[in-house]
Amino acid sequence: MNKITLRQILIPSITFAIICFLWFGPINLSFLPNIIASIVIIIANYIEYKGKAFSELGFQREKFTTKNIFVFAPLVALGLFLFYFFALVPVITKLTGVPIDYSSFDELKGNLPALLITLLIVWATAGFGEEIIFRGYFMRQFVKFFGESKISIVLNIVLVTGFFGFMHWQQGITGQLVTWITGALIALIFYLRKYDLWFVIAVHGFFNTIALICIYFGLA
């Protein structure tokens with residue numbers, strides 16, 4: 001375990017409590033909790049790391065390139081989606097006997113204005129929000145406390161993405177399991193790219209874009 005201070009324990013603990021309140025508290029904030037949680041995390045990191053709020057999350061300026069964001073990330077997202085759609089979903093669905101519940105997206109079918117609005121919301125709440133929360137913050141905090149041994153990284157990915165999968169309860173048990181595995185692959189990419197948060201934000205965003213376009217055309 002890395003040597004840490006009381007400050008480095010208290011700030012993440014308070015931050016996690018606030019995030020849980022946003023997610024599970026009595027106030028219904030619609031799609032805003034992830035956005036608010038991301039802002040809270042940036043403030044917490046600014047306090048904990050004395051101004052290094054973004055770099056400690058994995059926002060690496062040197063890796064924010066056109067090729068990474070608009071070429072490699074979309075290609076990885078496409079490959080991940082093909083694996084998700086043609087292998088992962090059918091296998092998990094067969095194991096559980098329950099199809100993924102996509103009913104919350106029914107209004108997108110053939111509805112271009114709804115699709116465009118949903119894309120903006122999803123990029124903000126999932127692409128940026130979920131990646132800042134689960135990869136940039138939870139995974140990086142896990143590393144801070146438990147280091148980067150192989151066992152630690154495996155536990156990091158399994159536990160954090162398990163929570164990530166659980167948070168997709170509206171898609172049913174199959175959706176939760178599929179999201180857990182998909183999230184684990186994104187987390188692995190995050191680790192292998194030396195915690196490049198820009199890249200996984202782009203991968204997540206393009207993955208969701210492909211999925212929503214498929215729903216729009218009635219393919220999913």
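Helices here are DSSP runs of H or I with at least four residues, strands are runs of E with at least two, and both are numbered from the N terminus. Keep in mind that you have a predicted model open: local features need pLDDT of at least 70, side-chain atom pairs count only at pLDDT 80 or more, and totals for chains, interfaces and linings use all residues. Residues are numbered from 1 along each chain as its sequence is written, and side-chain values use heavy atoms, with hydrogens and water left out.

**Whole chain**

Start with everything in cartoon. You'll find seven helices and zero strands, in the order α-α-α-α-α-α-α. The C-alpha trace spans about 50 × 40 × 35 Å along its principal axes. The radius of gyration is 17 Å, which agrees with the value near 17 Å for a compact globule of 220 residues (taken over C-alpha atoms; the rule is 2.2 Å times the number of residues to the power 0.38). Of the 220 residues, 46% count as buried (buried is under 20% relative accessible area, exposed over 50%, partly exposed in between, with a 1.4 Å probe and protein chains only).

**The largest pocket**

Next, select Phe 105, Glu 130, His 168, Gln 170 and Gln 171. Of the 43 residues lining the largest pocket, these are the closest to its centre. The space there comes to about 1300 Å³. A pocket, on a 1 Å grid over the protein atoms alone, is an open set of points where a 1.4 Å probe fits, with protein on both sides within 12 Å along at least five of seven lines; lining residues have an atom within 4 Å of a point. Grid points are joined across faces, edges and corners, and the volume is the space filled by probe spheres set on them.

Colour by helix: α1, α2, α3 (66–96), α4 (112–146), α6 and α7 each give two or more residues to this lining. The largest share, seven residues, comes from α4. By type, the lining has 26 nonpolar, 15 polar and two charged residues (Ala, Val, Leu, Ile, Met, Phe, Trp, Tyr, Cys and Pro are nonpolar; Asp, Glu, Lys and Arg are charged; the others, Gly among them, are polar).

**The second largest pocket**

Stay with α4, which also gives the most to the second largest pocket, with six residues. About 330 Å³ of space lies in this one. Pick out its lining, including Pro 12, Phe 16, Tyr 137, Leu 159 and Phe 163. Ten of the lining residues are nonpolar, one is polar and none is charged. At least two each come from α1, α4 and α5 (150–166).

**Along α5**

**Two loop residues**

Finish with the backbone. Most residues other than glycine have a negative phi, but Ser 30 has a positive one of about 60°. Look for Ser 30 in the loop between α1 (6–24) and α2 (33–48), where it is exposed at 58% relative accessible area. Then jump to Tyr 195, in the loop between α6 (172–192) and α7 (197–216). Tyr 195 also has a positive phi of about 60°, yet this residue is buried, at 8% relative accessibility.
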